Amino acid sequence: MLHKGTTSGTTKQQIEVLPGLFHLPTSSSDKPYLIGSKCKLCGYVSFPKRVVCPACVKGITMEEVALSRYGTVSSFSISRVAPPGFTVPYIQSFVELDEGPRIFSLITGCEPEEKALQIGMRVELVIGKICEDEKGNDVIGYQFQPIKKNQTKKRGRL
Amino acid sequence: MRKVVIIGVGAHVCGKMLDKSLRDLGRVAIWDAISDATIDAKEIQVAYVSNSIAGLITGQEGSRGQTVLRASGLGGIPVINVENACAGGSTAFRGAYLEVASGACDIALALGVEKMFCDDTPRVVRAIASTSEIELSKMGVQFTALYAMHTRNYMQEYGLTPEHFAKVVVKNSYNGSLNPYAQHRTPLTIDQVLNSRMISDPLTLYMCASISDGAAAAILCAEDIARQYTAKPLVEVSACKLASGVFRGRSDTTIPTLSEIVAQSAYKEAGISPEDVDLAEVHDAMAPAELMEYEELGLCKKGEAARMIDEGRTKIDGDIPVNPSGGLTARGHPIGATGLYQVAECVWQLRGEAGKRQVHNPRVALVQNRGGFVEGDDAAAAVIILRRRA
């Protein structure tokens, strides 16, 4: 488990890939979650969080919410090319969160092989290193990993 | 709105040209188009110039169009710099079209010019990634994989195999071998395509358009004065439609794709149906996209694209030739110029000037150009319908 402010080495820094995407646990009992937003008027849920609801478009109607840690793989590809700092091969996917948003995510916790993956498989959120920046620092982002069948409860909340 | 015709097109060959600048590439396309139109360069009243990534590749972030045009002798006119990712070429064309259609100008130039090759490959990769939401590439998105994931869903829905995509590449590489403007002129076999390096499964290297340098241009003119300049067949712009991505809610596949929406509106404006199209230049940035585009453009019904390619219907001698130029995968994909290469190819085809790759007596041609990726949809898509005047 990663903790806010810790570093894995003497010189390496841990840097969040982008601000405001996820909650980084501060203790061992604290769980990570993605930060989304929900429209006060129409109930539409988005990730990442936003201010104007893209569904009803009535102005500033969205407020921040903690999202489920579970989702379903809606597509994936094992890529042999990557932006600088990422290790290939790696698994790119679209994950449909239980609240609805279909989001881009890397998949971790399984081999980057076609047989390890399938559309419709259940995955859970993990926060961890996704790549290194040009200075060799660990870039921390969200990813999803396959979960065992007895954990595949729908709408699992924190 | 006035009727608008294309009286001249020109292009530089696509390829890797480290020794040529944007000015060099643009000059060839511009002056080929001016010669083709047989106009005096001073008669051009406005220019729309598309370029996507020069700011990151050459460092020329602002005034890109002016730097290219002045080196070709063009100045003193309004120059509008256009950036719209891989759809920039058709977006520049639209600007020039509207200038003439509205009556603001009589003669307008649309130019697309792009340099993608440089001696720093990571810079090229970053520049391409920057044409979509930059946050995505920080998260690890590789553009090929976005197409790959979409392709996987398409394969699952309609039972396609990688062989279907290889057949698209075989067709386009053959067409490219006949095109003197093409970057890749070696016909490929199905085995060569399937056995080329895997990029993002199921997409192999040869299924992906490669980076390219190039430039293409078109000169548009009010129809009522066009005969003062050219004796060549006139090519009318029957429709020119552009849109940006739409909100799609959840995984609702009943919402038409952006290219479908734009195509429907273009057919309506042109007063034709897909059956009237004699040839199409479509955006095969990745080979599977071409098959999906057959369906999006209404060239066949949903799920029938695999049969279209199996039966060879989209070859040059088929009943609805697609990408006779070789498409993005063979002709090349200098991103901000691609839409104007597509227009130029259609004009040559409609005039019967396409040489060995000539489609039999086409009357109506369609261009489909798309670019970028924002919030789960194309950033932009354009459809242009061109018709040879009797």
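In this predicted model, A218(B) touches I6(B), V9(B), A33(B), F93(B), A110(B), L340(B), V343(B) and A344(B), leaving aside residues up to four places away in sequence. A218(B) is also among the residues with the most contacts inside the largest nonpolar core.

**Nonpolar cores**

- The largest nonpolar core has 169 residues.
- Besides A218(B), the residues with the most contacts inside this core include A110(B), L111(B), A217(B), I219(B) and L340(B).
- Domain 1 and domain 2 of chain B each supply at least three residues to this core.
- Another core, of five residues, lies apart from it; C39(A), Y44(A), C53(A) and M62(A) are among its members.
- In soluble globular proteins, nonpolar side chains tend to be buried together.

**The sheet of chain B**

- Nine strands of chain B make up an open sheet with mixed pairing, in the order 3-2-4-7-1-8-11-10-9.
- Strand 3 (79-82) and strand 9 (279-281) of chain B are the edge strands, each pairing on one side only.
- From one strand to the next, the twist averages 25 degrees.
- Strand 2 (residues 46-50) of chain B runs parallel to strand 3 of chain B, and four bridges join them.
- Across this pair, S50(B) stands opposite V82(B).
- Helix 4 (residues 88-101) of chain B packs on the sheet and touches several strands, including strand 1 (4-11), strand 4 (107-114) and strand 7 (214-222) of chain B.
- The direction of helix 4 makes about 170 degrees with that of strand 4 of chain B.
- Helix 11 (residues 258-270) of chain B lies across strand 8, strand 10 and strand 11 of chain B, at about 145 degrees to strand 8.

**Two domains in chain B**

- Chain B divides into domain 1 (4-121 + 212-226) and domain 2 (136-209 + 239-388).
- Their C-alpha centres lie 23 Å apart.
- Domain 1 of chain B gives 35 residues to the contact between them, and domain 2 of chain B gives 31 residues.
- On the side of domain 1, helix 4 of chain B provides the largest share, eight residues.
- That side of domain 1 consists of 20 nonpolar, twelve polar and three charged residues.

**Contact between chains A and B**

- Chain B contributes 27 residues to the contact and chain A contributes 29 residues.
- On the side of chain B, the elements giving two or more residues are helix 5 (121-129), helix 6 (134-138), helix 7 (143-158) and strand 5 (198-200) of chain B.
- Helix 7 of chain B gives the most to that side, with seven residues.
- Twelve nonpolar, ten polar and five charged residues make up the side of chain B that touches chain A.

Methods
Residues numbered from 1 in each chain as written. Chains lettered and ligands numbered in written order. Predicted model: local features only at pLDDT ≥ 70, side-chain atom pairs only at ≥ 80, totals over all residues. Core = buried A, V, L, I, M, F, W, Y, C linked by C-beta atoms within 7 Å. Buried ≥ 20, exposed ≤ 12 C-beta atoms within 10 Å, placed from the backbone. Domains from an automatic or database assignment. Contact = placed C-beta atoms within 7 Å. Nonpolar A, V, L, I, M, F, W, Y, C, P; charged D, E, K, R; others polar. Pairing = 2+ DSSP bridges. Axes fitted to C-alpha atoms, helices over the stretch in contact; angles between N-to-C directions.
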